Amino acid sequence: MWRIWRRVGSLSPLFSSPKSSILRQDLIQAPYRLNFLGILSTENGTPATIGFFSKEKTPFIAFVLGGPGSGKGTQCAKIAEAFGFTHLSAGDLLRKEISSNSENGAMILATITEGKIVPSGVTIKLIRREMESIENNKFLIDGFPRSEENRIAFERITGVEPNIVLFFDCPEDEMVKRVLGRKQGRVDDNIDTIKKRLKVFAALNLPVINHYTRRGKVYKINAVGTIDEVFEKVRQVFDDCKMIK
């Protein structure tokens, strides 16, 4: 199996009292620098096909996590433009499947309406289909994994881990205000569903964040501020990553 020999710096514990925010707000800290000069290799140094990736070079994958309304989708668009990534939004892929009026889409809609997690295999299949159709080798996977079961399934099916995990930390009241104010006509943009999604997010994302923190992959970014202010914090992460320039 491919392994990343050098890892990014780990972060301090990410969660604090829920009274002020689901997740603690901290600026990205300068000491946590990326070092991706390590080599991706099998144990004997011979390249090999992994999971569904048959390309000669293993893709660079960044998971982008954050609650609904944390601004991660907006920031992904800016990252894609500035650093040449392909932005894959798990939520957009699911909504696209819903709009297809397929049997699978009906199941996805019912699941999202209840504020529950769509089965891992369904979401991974949609992500896989998009990744295989694109020549680019650098991907932002936005809004996935949302649970430990998602994470384990992705790593098992693909045979790879993300290179980094961006975590956009935003207070609950700010996320609710943003989602209600964006007026995009999405099926899940109503107060009852938003509150369900926030509860699910808080309960299920902590194990994922903790896992990747232990793996030294998490970069937590305070998502409060203007779009440009938040992006300057994000830019610090990618400016230090030599392999993606």
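Phe63 and Tyr212 are both buried. In this predicted model, the two residues also form an aromatic pair: the ring centres are 6.0 Å apart and the planes stand at 65°, so the arrangement is edge-to-face. A plane angle over 60 degrees is what puts a pair in that class. Phe63 belongs to strand β3 and Tyr212 to helix α7, which spans residues 191–214, so the pair ties together parts that lie 149 residues apart in sequence.

Across the whole structure, a search finds six aromatic pairs. Ring pairs also join Phe60, Phe83, Phe85 and Phe238 into a cluster.

Strand β3 leads on to the annotated positions. An unreviewed UniProt entry lists Gly69, Ser70, Gly71, Lys72, Gly73, Thr74, Arg182 and Gly225 under "binding site". Of these, Gly71 lies in the loop that runs between β3 (60–66) and α1 (72–83). Its relative accessible area is 27%, so Gly71 is partly exposed, given that this class covers values between 20% and 50%. Gly73 is found in helix α1. Gly73 is likewise partly exposed, because its relative accessible area is 32%. Apart from its neighbours within four places in sequence, Gly73 is in contact with His87 and Asp142.

The unreviewed entry in UniProt also gives "binding site" for Arg95, Lys116, Ile117, Val118, Gly143, Phe144, Pro145, Arg146, Arg186 and Arg197. Two of these positions can be followed in more detail. Gly143 lies in the loop between β5 (138–142) and α5 (148–158). With a relative accessibility of 16%, Gly143 counts as buried, because the limit for that class is under 20%. Beyond neighbours within four places in sequence, the contacts of Gly143 are Val64, Leu65, Lys72 and Ala90. One of them, Lys72, is itself among the positions that UniProt lists for "binding site" together with Gly71 and Gly73.

Ile117 is found in another loop, between α3 (103–113) and α4 (120–132). Its relative accessibility is 21%, so Ile117 counts as partly exposed. Setting aside neighbours within four places in sequence, Ile117 is in contact with Thr111, Arg146, Asn150, Val200 and Leu204.

Definitions and conventions: Residues are numbered from 1 along each chain as its sequence is written. This is a predicted model: local features need pLDDT of at least 70, side-chain atom pairs count only at pLDDT 80 or more; totals for chains, interfaces and linings use all residues. Side-chain values use heavy atoms; hydrogens and water are left out. UniProt positions are given in the numbering used here, feature names are shortened, and annotations may be inferred rather than shown by experiment. Helices (H or I, at least four residues) and strands (E, at least two) are DSSP runs, numbered from the N terminus. Buried means under 20% relative accessible area, exposed over 50%, partly exposed in between (1.4 Å probe, protein chains only). Contact means heavy atoms within 4.5 Å. Rings of Phe, Tyr and Trp (its six-membered ring) pair if their centres lie within 6.5 Å; planes under 30 degrees apart count as stacked, over 60 as edge-to-face and the rest as tilted.
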